[in-house]
Amino acid sequence: MIKVEQLSFAYPGSSTKAVDNVSFEIEKGRIFGFLGPSGAGKSTVQNIMIGLLPLQDGKVVYDGKPLRQLGKSFFNRIGVSFEHPNIYEKLTGLENLHYYAGLFSVGERLAPELVLDMVGLGDARNKRAGQYSKGMKQRLVFARAIMHRPDILFLDEPLSGLDPTTGQRIKEIILREKERGATIFLTTHNMLLADEVCDTVAFINDGKIIAKDSPRNLKLQFGTRAVKVEHRQDERLTTETLFLDRDEDRQQFNRLLSTGHVETMHSQEATLEQIFIKLTGRGLS
Ligand code: ADP
Ligand code: MG
C-alpha cells in the first residue's frame, strides 16, 4: 500500500505551489490514475514519490515505511517510465536495456529481447535509440520500466506520442502488469486511458486534487440517467432525450422500442472529460 499525505511542493524561485496539499492511497495491485491537464502537477508528484525531487512538505509512505527510510533496494522494486524519455541515444534500444539491466540486482527479469518484442520494438532493437521517433523512445522507457518485473510501476503519460494501435498494445500490457500483481501509479491527461484501466482516478488541477473515486462512480455521480434516442417514422428523423427517473419517459422509451423504428440510442452518463470541465471550467488537453 502506498500512502501520500498532505504533499506540497514549490519549485525553487516560484511563489506558487506546483503541488498543494495532495493526499491519496493506492492499494496493492490497483491502478491509480492521476488525471489532469498539462501543468497540473502530475509529474511533480510522481517525481517526489520516486525520490527524484526532494520531499518539502508531507509524507510518502510505502507499506508503512516513509520514503526517506527506504534504502537502495526500493529502486529495485519500482519501475519508472518518464514523460520525457531519458535514454542513451548513442546505444541501440537493445543495448539500452542490457545496460539498464546491469544496474539492478533482481532475481526474476524479462529478457531485453522479449520486452522489446512486447512493445513492438523488436525490429528496431539494433538501431540507435537516438534515431527512434518520440513514440519509439516512449516505448523503450516503458519496456525498461517493466523489464525487472517491479512491484510498483510509475507510468508518466505512457501513451503520449503513440498511434492508436500501439497505444492499445501498451494499454494491454499495463493491464497484464496489474494482473501480475503490480501496483500502478498512472499519470495522464488521456481520459479514455484513465477510464479504461484505472480502479481509482484522482482529478488534479492547479496542484490540487479536486475529485477522487472510481471512474464508474464519478460518471454516475456527475452524469444524467438519460437515454438519447433517434427514431425514424415516415422518413422523418426525431431525436428525444428520455430521463430514466421519469415515469412518462420510461413509458415513451418502451413505446419507441416496441415500434421498431429506433435507429440509435446513447446513454447519457458523463465522460471523465465532461466531469473535469464541470468541476474546473477547463478541459484536459
Ligand atoms: P503535469 O505533469 O501535470 O503536466 P508538472 O508537474 O510538470 O505538471 O508541472 C506542474 C507545475 O510546475 C507547472 O506550473 C510547471 O510549469 C511547473 N514546473 C514543472 N517543472 C518545473 C521545474 N523544473 N522548474 C520550475 N517549475 C516547474
Ligand atoms: Mg507531466
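Contact here means heavy atoms within 4.5 Å, and helices (H or I, at least four residues) are DSSP runs numbered from the N terminus. Under that reading, Pro 215, Leu 218, Lys 219 and Phe 222 of helix 8 meet Leu 272, Ile 275, Lys 278 and Leu 279 of helix 10. By class, this contact holds 6 nonpolar, no polar and 2 charged residues, where Ala, Val, Leu, Ile, Met, Phe, Trp, Tyr, Cys and Pro count as nonpolar, Asp, Glu, Lys and Arg as charged, and the others, Gly among them, as polar.

The model is predicted, with local features needing pLDDT of at least 70 and side-chain atom pairs counting only at pLDDT 80 or more, while totals for chains, interfaces and linings use all residues. Residues are numbered from 1 along each chain as its sequence is written, and side-chain values use heavy atoms, with hydrogens and water left out.

Axes are lines fitted to C-alpha atoms over the stretch in contact, and angles run from 0 to 180 degrees between N-to-C directions.

| Helix pair | Axis separation | Angle |
|---|---|---|
| helix 8 (residues 215-222) and helix 10 (residues 272-280) | within 10 Å | roughly 60° |
| helix 3 (residues 93-101) and helix 5 (residues 134-147) | 10 Å | about 30° |

Because angles under 35 degrees count as roughly parallel, over 145 as roughly antiparallel, 65 to 115 as roughly perpendicular and the rest as oblique, helix 3 is roughly parallel to helix 5, whereas helix 8 is oblique to helix 10.

Helix 3 contacts helix 5 through Gly 93, Asn 96, Leu 97, Tyr 100 and Ala 101, which face Leu 140, Ala 143, Arg 144 and Met 147.

Methods: Chains lettered and ligands numbered in written order. Helix = DSSP H or I, 4+ residues; strand = E, 2+ residues; numbered from the N terminus.
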